[in-house]
Amino acid sequence: MDNIAENENFSYDGYQVVRGEFFAHIKEPSITFNNCKVYVNAACLNKMPNTDFVQILINSNDKKLVIRPCIEEEKDSFCWYSRSAKRRPKQITCRIFFAKIIQLMDWNPDYRYKSIGKMVHANNENLFVFDLKTAETFRRITKTGSKPQTSRIPIFPEDWKEQFGIPFEEHKKSLQVNIVEGYAVFSLANKKENTSLEQLEIGGR
């Protein structure tokens with residue numbers, strides 16, 4: 001403790017929180033949209049080991065998705081994992097939902113999209129919150145004489161090229177969420193403009 005320098009004038013002004021997408025995140029919660037299917041990763045299941053059924057909630061204005069634990073009897077609930085000796089991620093076919101998400105986000109239906117999320121606590125329950133605007137895009141590459149293959153190198157929105165992340169104060173507010181009458185209501189300050197559709201390829205991680 002004697003070696004810690006005191007700095008009473010330190011401020012987070014001008015600092016950006018480096019985006020988690022720029023790091024390896026195998027243990028972070030994620031949701032993937034691919035080939036008319038949606039599925040979460042094992043990290044989601046591990047963080048909610050006693051949850052069998054969930055609901056998906058969408059905020060179309062802020063392009064955010066919430067996974068909310070619920071009981072089987074609740075309307076629009078579904079089992080989010082494969083029922084086997086060990087809980088495993090389950091790829092759930094959802095052609096209409098997939099099409100609506102593709103349309104909402106103006107995504108390419110032939111690509112794979114993965115969004116990294118966070119667990120938050122709101123109104124006495126834990127939720128997963130995913131910002132679809134920050135989804136990683138994995139293109140399908142077609143080579144002559146072979147089947148299309150999905151690239152392992154993601155591409156990100158163009159406006160990430162000149163920044164490490166979003167300002168510290170904005171970052172603190174970016175995942176605030178309340179549940180009102182069964183719907184997710186997000187509280188966001190200084191809402192960012194829609195990201196450019198142009199994209200930049202980021203090297204391997």
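Trp 80 is buried in this predicted model, with a relative accessibility of 2%. A residue counts as buried when its relative accessible area is under 20%, so Trp 80 falls within that class. Phe 128 is buried as well, and its relative accessible area is 0%.

A pair of aromatic rings is described by two quantities, the distance of the centres and the angle of the planes. The structure contains 5 aromatic pairs. In the pair formed by Trp 80 and Phe 128, the ring centres are 6.3 Å apart and the planes stand at 40°, so the pair is described as tilted. Trp 80 belongs to the loop between strand S6 (78-79) and strand S7 (81-82), whereas Phe 128 belongs to strand S11 (residues 125-131); the pair therefore ties together parts that are 48 residues apart in sequence. Elsewhere, ring pairs join Phe 33, Phe 97, Trp 107 and Tyr 113 into a cluster.

Aromatic rings also meet charged side chains. Arg 87 lies over the face of Tyr 81, at 4.4 Å from the ring centre. In a second case, the charged end of Arg 112 is placed over the ring of Phe 138, at a distance of 4.2 Å from the centre of that ring.

Which strands pair with S4? One partner is strand S5 (residues 64-70), which pairs with S4 in the antiparallel sense over 7 bridges. The other is S6, where the pairing is again antiparallel and involves 2 bridges. Phe 53 can be followed in both pairings: Phe 53 stands opposite Cys 70 in S5, and Phe 53 also stands opposite Cys 79 in S6. Between S4 and S5 the chain forms a hairpin with 4 residues between the strands, and in this hairpin Lys 63 takes a positive phi near 60°.

An α-helix has 3.6 residues a turn, so residues three or four places apart point the same way. In H2 (residues 95-105), the residues Phe 98, Ile 101, Ile 102 and Met 105 are buried. Seen down the axis of H2, the buried residues fall within an arc of 100°, so they line one face of the helix. What does this buried face pack against? The buried residues of H2 pack against strand S2 (30-34), strand S3 (37-40), S4 and strand S10 (112-122). On the other side of H2, Ile 96, Lys 100 and Gln 103 are exposed. The helix is followed by Asp 106, whose phi is positive, near 55°.

Charged side chains also meet one another. How many salt bridges does the whole structure hold? A search finds 7 salt bridges. One of them joins the side chains of Lys 118 and Glu 28, with a distance of 2.9 Å from N to O. Lys 118 lies in strand S10 and Glu 28 in the loop between S1 and S2, so this pair ties together parts that are 90 residues apart in sequence. Lys 118 counts as partly exposed, at 40% relative accessibility, and Glu 28 is likewise partly exposed, with a relative accessible area of 27%.

A further salt bridge brings together the side chains of Asp 131 and Lys 64, at 3.6 Å from N to O. Since Asp 131 lies in strand S11 and Lys 64 in strand S5, the pair ties together parts that are 67 residues apart in sequence. Asp 131 and Lys 64 are both buried. Salt bridges that share partners join Lys 64, Asp 131 and Lys 133 into one network. The side chains of Lys 75 and Asp 76 also form a salt bridge, at 3.3 Å from N to O; here Lys 75 and Asp 76 are both exposed.

Val 17 counts as partly exposed, at 25% relative accessibility. Val 17 and Gln 163 are 146 residues apart in sequence, while their C-alpha atoms are 9.8 Å apart in space.

Conventions
Residues are numbered from 1 along each chain as its sequence is written. This is a predicted model: local features need pLDDT of at least 70, side-chain atom pairs count only at pLDDT 80 or more; totals for chains, interfaces and linings use all residues. Side-chain values use heavy atoms; hydrogens and water are left out. Rings of Phe, Tyr and Trp (its six-membered ring) pair if their centres lie within 6.5 Å; planes under 30 degrees apart count as stacked, over 60 as edge-to-face and the rest as tilted. Buried means under 20% relative accessible area, exposed over 50%, partly exposed in between (1.4 Å probe, protein chains only). A charge sits over a ring if NZ of Lys or CZ of Arg is within 6 Å of the ring centre and within 35 degrees of the ring normal. Two strands pair if DSSP finds at least two bridges between them. The arc is that of the directions from the helix axis to the C-beta atoms. Contact means heavy atoms within 4.5 Å. A salt bridge is a side-chain nitrogen of Lys or Arg within 4 Å of a carboxyl oxygen of Asp or Glu.
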